[in-house]
Structure formats: C-alpha cells, structure tokens
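Subject: Structure handover

Hello,

Here is the structure you asked about, with my notes below it. Please look through it before you plan around any of them.

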Amino acid sequence: MTDNLYTEILLDEYKNLQNKGEMPNADLVLEGSNSNCGDNITIYIKVQSPNDKSQIKEITWEGEGCVISQVAVSLLSKKLKEKKIKIRDIEKFSGQDMLELLGLEQISPGREKCLMLGLETIKKANLSTLLETSL
Amino acid sequence: MLDPKKIKQDFPILSQRVNGKELIYLDNAATSQKPQQVIDAISDYYQKHNANVHRGVHTLSDESTQIFEESKNIISNFFAADAEELILTRNATEAINGVAYGWALDNLSAGDVILTSMMEHHANIVPWQQIAKRTGAKIKYIKVTKNGKLDLGDLKKKVKTQNFAPQHGKLKLLALTHVSNTLGTVNPLRHIVEELKIENKKCKILIDGAQAVPHMKVDFKKLGVDFYAFSGHKMLGPMGVGGLLVKKELLKSEEFKPWFFGGGMIDSVRVDATKFHEDLNERFVAGTPDVANAAGLAAACKYLSNLGMGEVEAHDKDLVRYTLERLVEIKEIKLVGPISGERLGSVAFVYKGMHAHDVAQVLDSEGIALRSGHHCCMPLHKFMGWQATLRVSFQVYNSREDVDKLILALDKVKKMFL
C-alpha cells in the first residue's frame, strides 16, 4: 500500500511543488485546516477580469502538511489555472477525481483528509458563489 | 527482568504479519493489545455465565453478580483502594466527566479556579471548559518548561493563596495528568500534593492516570488525591471499561454525587421522589453494568500483578532510555520531552523536514505501528510550536529488538524522501 502510495510521480511533484507562495494582492484568501494532524493551508486567488469571474488568473497557496496534502493542493492549483476549467466544475470534484489527479488508485481512510484538504477548502468557501457576490 | 519474547506469546494479535512484515506494535499509549487471559475471561463470561446482575434469584444471575463483585475487588486491589472507592466507567474520559458532573457542577461557582496544565490530554481540558461555562469558574494552565517538564515554579505561584483574593474566587480543583501521553513526563505527584495541601487544604485533586497505570504501581491511598481516573484498554484490558477512584470520605459525606441515574442505583422509587442506594458504591452503578468487560479488566490486573508492577516499570524505563539513546543518533530527529529525569511509556519526536503522517505511513509498510499527529494534545503542540509529532509507546511485550527495527525502518524514510 505505502510503496504504491508514494509513487515516483508523486515524490517528484513533492520536490517541485507548483504555485507555492503568498500573493500580496489577492482578490480572495481562503483558509483551511485539518484538525487531525494540524495541517493548514491558505489559498490566494486573483480572477481573470471583473467581467469574467468564473475563471482564475492567478492562484498560489501556502501551508504545512504531508506529502499527500501538499501534492494534492499543488496539482489542484495547476488544474484551476487551466484555461478551459470553470471553478464550478472543480467544486463538483469528488475524492475519486482527486485520486485520478494524483494518479492513485486508492488511499487508506486515515489519509482521505490529507487528499481532500485543498479541495474541501475551496468547496467550503463556496468559491464560485463567493467570486460572483463579493467581488 | 521481564522476558518480552515469552510474554508476546500470550498476545495472539501480535503473531500476525502486516504488509508482509512482522508486526511491531508501538502504539500502546493509544491502546494496548490484549493477552489470551483477558480474551478468555470475556468469552468465558458470555459462554457460561451471562445474566443480569443483582436483580435475579436464578443461578446464572448469581454467578454473574459474583463475577462482577469479584472483578471489582481485583481491580480495586490493584490500585490499593477499597472496593467501594472504585466506580467503573467506560474509560478515563468518562471518569473525568464523572468528577465534572458528580462534583464540580455543584461545588464550583463564579470566579472559582480550576487549575490544570498545558500538558493535558483533551480529556482533561474539554470537560473543564464546559464546567467553566456553566458555573462561571475560570481555568488556569500550569506552564510546561522547554524541556517538557511541569513548571513547578509556575505551579507554586498559581496555588499561592494570596493569588486568590476573595474577589477572585478560590482554587477549588487541581486536574493534572500523572504521566504525559506526549512528553512521557512523570509528574512528581507526592511533591505536588504536599505543596498544594500546605497552601490550600480544601482544594480537590483529580489525577488523570491513563498513561501511568499501564507502567507503574499506583497506590491510591498513598497518593492522597481525591480522584484518580484510568482506562482499562491501555493496561491490557478491554476497550469500554475504565474507572474512577474516589476517596471514601467524599462518598460518605456525599460531596461526590451520582451523575448517572436510573435502575440499579436506587433503593426505592416513587413517582415523586427516589431514594438512592444505601451502598456508597452501588448508587453509582446506573443501568446494567458491563460485567464481561469488568471480568476482562480484572484478568488484565491479574496478568500485570503476576508480572509484578515493579518489573513492568523497570522494563518500560529500559525501553524508554534505549529508544532515547538510539534516536539521538539520527540527526534528522528532534526528541520531544525530557531527555533526563523521570519519564515513562512513550517517546515522541519530530522528523525534521518530514511530515509525521508520511513517516508513519512508510513505517507502516515496514510493519511498524506508531502514532502520528497531536495525540489529543493540541494546546501542548501549539505551546511548544510543533505541528505534529511521531510517538512510539511501549508495553510488556515490546523489546529492544523492536526499537532496533524502528531505527532500521527510519533509514528507509530518509532514503525515500530526503
């Protein structure tokens, strides 16, 4: 199980985390945490333009966590920046979608929260609605 | 000295393989494994003696009652307490809640002070926050020193009577752990009780003994505390049974009251009033008790007594000392808790540059079970500036070889991530 979990792809991702860092002029700042292990995450977002709030122009994140939670947020941030992606579609992501994003077949129940931390932060904040109403 | 290899044969679960490797179980502070003797006591009860206690006149009911009473005697003897001083609960958490609802709610009022510490398990913090909310009492926390010991200077300062002028209320309760589940620190209870009694004779003392009773002889009478809480499942007994030891005076004076109500604990019930059971102990047993688990816990007490608690303590101290020595050799590891002095049960550490969950997951692939996270001590982790820690914890079946295997497996972690 473990040897399948820490795949080479995953470990490579971990050594080259994408979009990590603070964004001083962010339009939105989302915070999430996992009380089980003390992991925390802050996601910074800048939207495309005032006329198109359904897409993200810039996204960065920072926080502390395990390999799974860090790689999951990194890959999620990459996905969110893709041109054709609508935030509403990402909000519909399931655990299975996250597993596919990480190239994993399964994860033990004890690590599900690690996998979902970034996605849950976005879902909980209701990002798409937030963008439409608060900006 | 104990022979852990021989002892291990009594624990059927430990003979299995995990992820193709021999299971090395080092998560005993979370829960211990159970010897065949405990498993047999429970299954014997259900196979041969099961019936409800006290209320029947038939043979099985008598047998069940006898087993229940005998079990309570064995358990209270284990703690050098009188049988009536033992109230069986589900676990240490329920025992602490018992002090909260059976004593604190009626005896604390606005401004009174509950003194606890920064090294407590959530079980000895959260109930007091609820009691504080309901009574208006305040909670104060004794600090922990940088090397993980209870700050005795701070304790002294906080119990000084002049700090509790009438307008600020009175110190009414000290709720403190005997052994920290994260730091491994053994608090010097004798010294603490003496100091406190000099300043404040009336202040009640509750000790959370969950991490002490599996590893050392606890003599309730000698300790001189008012309440002592413990869990059975950490001391080789079954899950779902533990206890609260209560000083007899508090039962006699009825200052400590039943906090669960219903059948069994009564003498007579009318539609408008109920008289509680005359017996100082029976009045705390509301509803059908868990007889099978009481028998299981009694079997665990017997098992530990047969090994000898002095031997058990020496064995545990040897493993703690050896683990500290071995872990110190690894430069990526930062040890948590006191390096010298009294400690028992566990060794926690931080692996620099690696998250605790990742380390624990890799160790699991090597068959090694240990805990990662905050171990229900979020305030302590925040206070010390740790995000999460790894913790190995011991029982009578662990050996130095288990620690050697841990050290080897930690090498795999290094190769994988760093």
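B:Lys234 sits in the loop that runs between strand 9 (227-231) and strand 10 (242-246) of chain B. Note that this is a predicted model. B:Lys234 is buried but makes no salt bridge; B:Asp27, the nearest side chain of opposite charge, is 8.2 Å away. What the side chain of B:Lys234 does reach is the backbone oxygen of B:Ala29, at 2.8 Å. Beyond its neighbours within four places in sequence, B:Lys234 has contacts that include B:Ala30, B:Ser32, B:Gln211, B:Pro214 and B:Gln395.

Next, the nonpolar cores. The largest has 73 residues, and the members touching the most others are A:Ile68, A:Leu102 and B:Leu410. Apart from that core there is another, of 67 residues, with B:Leu297, B:Ala299, B:Cys377 and B:Val396 among them.

Helix 14 covers residues 400-417 and spans 26 Å from first C-alpha to last, close to the 26 Å expected for its 18 residues.

Last, A:Glu8 in helix 2 (residues 8-15) of chain A. Is A:Glu8 buried or exposed? A:Glu8 counts as exposed because its relative accessibility is 68%, and the cut-off is over 50%. A:Trp61 is 53 residues from A:Glu8 in sequence and 23 Å from it in space, C-alpha to C-alpha.

Regards

Note on methods
Residues are numbered from 1 along each chain as its sequence is written. Chains are lettered from A and ligands numbered from 1 in the order in which they are written. This is a predicted model: local features need pLDDT of at least 70, side-chain atom pairs count only at pLDDT 80 or more; totals for chains, interfaces and linings use all residues. Side-chain values use heavy atoms; hydrogens and water are left out. Helices (H or I, at least four residues) and strands (E, at least two) are DSSP runs, numbered from the N terminus. The expected span of a helix is 1.5 Å times one less than its number of residues. Buried means under 20% relative accessible area, exposed over 50%, partly exposed in between (1.4 Å probe, protein chains only). Lys and Arg count as positive and Asp and Glu as negative; His and the chain ends are not counted. A salt bridge is a side-chain nitrogen of Lys or Arg within 4 Å of a carboxyl oxygen of Asp or Glu. A polar contact is a pair of N or O atoms within 3.5 Å; within protein, one must be able to donate a hydrogen and the other to accept it, and residues adjacent in sequence count only if both atoms are side-chain atoms. Contact means heavy atoms within 4.5 Å. A nonpolar core is a set of buried Ala, Val, Leu, Ile, Met, Phe, Trp, Tyr and Cys residues joined through side-chain atoms within 4.5 Å.
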